[in-house]
Amino acid sequence: MIYLKLFWEFLKIGLFAVGGGMATLPFLQRLSESTGWYPQSLITDMIAISESTPGPIGINMATYVGCNVAGFFGGVVATLGEILPSIVIVVLISKSLDRFRSSTLVGDAFYGLRPAVTGLIAAAGISVIQTSVLHFELYRQSGLLSDLVDVRKIVLFVVAFIAIKKLKLHPICYIAASAVIGVVLGF
């Protein structure tokens, strides 16, 4: 039964998360709340792992969640659920591409999707910031503004951002350096 539920949940995510892997984040947050399969705090770890492994983020996160919930076969089932809508849509579109290539209706539909995709990605970005840098629970308990923001993580972000802009090294260098700093400083 867990395999069917994994397949169904990731089929819905694969169908509605238009705009790439980061657009899956709001759906993964909702999935976390509705199923309890993983805590919200794990989403930032899933992003880090999915970004640093080969392949699309959304598929990597589906595999990660599936494996955590139901082992190897859970990862396979969740991944299949995630990619099936894309496969079906691509096959259907490729069959009729010539008919719709110059359609203004299709062009307008894709143009209309841009704000929705932007909104999904912005919501995901805000959520990642809230989860990784802001500590609302600690702030509510203490009332101290210093407990709201994790200054160490903001400093790491600023240093990494400046390094990316100035040094222009391969992204894996920044990922590895951030991982080492995170382990050493106990982030």
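The structure is a predicted model, in which local features need pLDDT of at least 70 and side-chain atom pairs count only at pLDDT 80 or more, while totals for chains, interfaces and linings use all residues. Residues are numbered from 1 along each chain as its sequence is written, and side-chain values use heavy atoms, with hydrogens and water left out.

The protein has nine helices and zero strands, where helices (H or I, at least four residues) and strands (E, at least two) are DSSP runs numbered from the N terminus. Along the principal axes, the C-alpha atoms fill a box of roughly 60 × 45 × 35 Å. Of the 187 residues, 28% count as buried; here buried means under 20% relative accessible area, exposed over 50%, and partly exposed in between, with a 1.4 Å probe and protein chains only. Among contacts (heavy atoms within 4.5 Å) between residues at least 6 apart in sequence, 52% join residues at least 24 apart.

An α-helix has 3.6 residues a turn, so residues three or four places apart point the same way.

The axes of α2 and α3 come within 11 Å and cross at roughly 140 degrees; axes are lines fitted to C-alpha atoms, for helices over the stretch in contact, and angles run from 0 to 180 degrees between N-to-C directions. The two helices are therefore oblique to each other, since angles under 35 degrees count as roughly parallel, over 145 as roughly antiparallel, 65 to 115 as roughly perpendicular and the rest as oblique. Leu25, Leu28 and Gln29 of α2 make the contact with Ile43, Met46 and Ile47 of α3. These residues divide into five nonpolar, one polar and no charged, with Ala, Val, Leu, Ile, Met, Phe, Trp, Tyr, Cys and Pro counted as nonpolar, Asp, Glu, Lys and Arg as charged, and the others, Gly among them, as polar.

For α3 and α4, the axes come within 9 Å and cross at roughly 125 degrees, which makes α3 oblique to α4. On the α3 side, Leu42, Met46, Ile47, Ile49, Ser50 and Glu51 meet Ile57, Asn60, Met61, Tyr64, Val65 and Asn68 of α4. By class, this contact has eight nonpolar, three polar and one charged residues.

Some single residues also deserve a visit. Glutamate 9, in helix α1 (residues 2–16), counts as buried at 12% relative accessibility. Not counting residues up to four places away in sequence, glutamate 9 touches Leu31 and Trp37.

Alanine 163 sits in helix α8 and is buried too, at 17% relative accessibility. Leaving aside neighbours within four places in sequence, alanine 163 is in contact with Lys168 and Tyr174. Lysine 168 lies in the loop between α8 (151–167) and α9 (171–185) and is exposed, with a relative accessible area of 65%. Most residues other than glycine have a negative phi. Lysine 168, although not a glycine, has a positive phi of about 55 degrees.
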